[in-house]
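Take a moment to look over the model below.

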Amino acid sequence: MPPHPHPLTHRLVPSPAGRIHLVEQGSGPLVLLLHGFPESWYSWRHQLPALAAAGYRAVAIDVRGYGRSSRPEATSAYRMLDLVEDNVAVVHALGERSAVLVGHDWGATIAATSALVRPDVFRAVALLSVPYTPPGGPRPSEVFAHIGGEDEEFYVSYFQEPGRAEAEIEPDVRGWLAGFYAALSADTMPEPGAPDPHFVTRGGNGGSEGDGTLRERFPRDRRPSWLTDHELDVYAEEFERTGMTGALARYRNMDRDWEDLTNGGHTGAPVTQPSLFIGGSLDASTTWLADAIKAYPVTLPALTGSHILEGCGHWVQQERPAETNALLTDWLKSLPSLPAATTTTDGGH
């Protein structure tokens, strides 16, 4: 088999965090791919070659706290505005002036916020799985604390307490990841009526002592059809090396993000650049935030397509790569041409 005309290239580029690890393929207008939790650049393995073949410079990063990117010690170093500046730094390090953003899960929120606060750099945005909701409203921690009631605790609140989720996950990273991926995949998620894997059973004292775990609600002995042993190993090996704290820090900054964005004058602000949404019909993110999708004419006024993939779970671009690739490439082709690069630096160090 002849070599791919655009092989994958790994590099490290400088950022406010220290460094960002990225993987790129292809040449042409820059498309920056942002992953969610608990993933890495590798979640875009099916999109990189497809976008390269379609004439784009596809770049998937390890978000700050993941993989080979820097992992600052302070929890506050993972606030949303810091991640936005990482994305800007990647664009500039690659010798470009602007980019299109594509994000999944937390990456979708990072992408939308990047487009919101830096429209000079990010000219279009595609959101996968998690719909856009403008900044504002009640303080996030207060909202999440009331989800689940007395008997159950919402996973976001569980993740927000330092060290608590790490104690569950890190003794068996591979097993936990396999269960988490299965719990949110269309072909392996729990049956209707089974305990919801987005919640933890509360202990009798209402605190963390004696509480259950997320893992006890995960499917057992089931592997999603999209996930091979090798692919699971790639994810697990990275988190076994880095630990989970950097990844979980995203959840631990939600109140800071709320303060930063509301104080920064972004309350209720729409994202006005051309946009695209792709979700799964069986994904809780899509069903819980159905009202956010209905609000797109106001919150995403330049939306050119909103697609719900029937029978698809949370891991959209991995569960349904061919459909996702087709939607992304068609959308990208509909966008005005990107400006040419200003320099030809390779950005590595």
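By class, the lining of the largest cavity is made of 8 nonpolar, 4 polar and 2 charged residues. Here Ala, Val, Leu, Ile, Met, Phe, Trp, Tyr, Cys and Pro count as nonpolar, Asp, Glu, Lys and Arg as charged, and the others, Gly among them, as polar. On a 1 Å grid over the protein atoms alone, a cavity is a set of points where a 1.4 Å probe fits but cannot get out, a pocket is an open set with protein on both sides within 12 Å along at least five of seven lines, and lining residues have an atom within 4 Å of a point.

This is a predicted model, in which local features need pLDDT of at least 70 and side-chain atom pairs count only at pLDDT 80 or more, while totals for chains, interfaces and linings use all residues. Residues are numbered from 1 along each chain as its sequence is written, and side-chain values use heavy atoms, with hydrogens and water left out.

Back to the largest cavity: its volume is about 90 Å³, where a volume is the space filled by probe spheres set on grid points joined across faces, edges and corners. Val63, Tyr66, Leu83, Ile110 and Arg250 are the lining residues that lie nearest its centre. Helix H3 (106-117) supplies the largest share of this lining, 3 residues; helices are DSSP runs (H or I, at least four residues), numbered from the N terminus.

The second largest cavity holds about 30 Å³ of space. Its lining includes Ile20, Leu34, Val63, Leu83 and Ile110, and helix H2 (residues 80-93) gives the most to it, with 3 residues.

Now for the open spaces. The largest pocket holds about 1200 Å³. Among the 44 residues lining this pocket, Thr109, Thr133, Phe144, Met254 and Leu289 are the closest to its centre. Which element gives the most to the lining of the largest pocket? That is H3, with 6 residues. The lining of this pocket divides into 32 nonpolar, 8 polar and 4 charged residues.

Of its 97 residues, Phe37 and Phe159 touch the most other members. Leaving aside neighbours within four places in sequence, Phe37 is in contact (heavy atoms within 4.5 Å) with residues including Tyr66, Trp106, Phe159 and Trp315.

Definitions and conventions. A nonpolar core is a set of buried Ala, Val, Leu, Ile, Met, Phe, Trp, Tyr and Cys residues joined through side-chain atoms within 4.5 Å. Buried means under 20% relative accessible area, exposed over 50%, partly exposed in between (1.4 Å probe, protein chains only). Helices (H or I, at least four residues) and strands (E, at least two) are DSSP runs, numbered from the N terminus.
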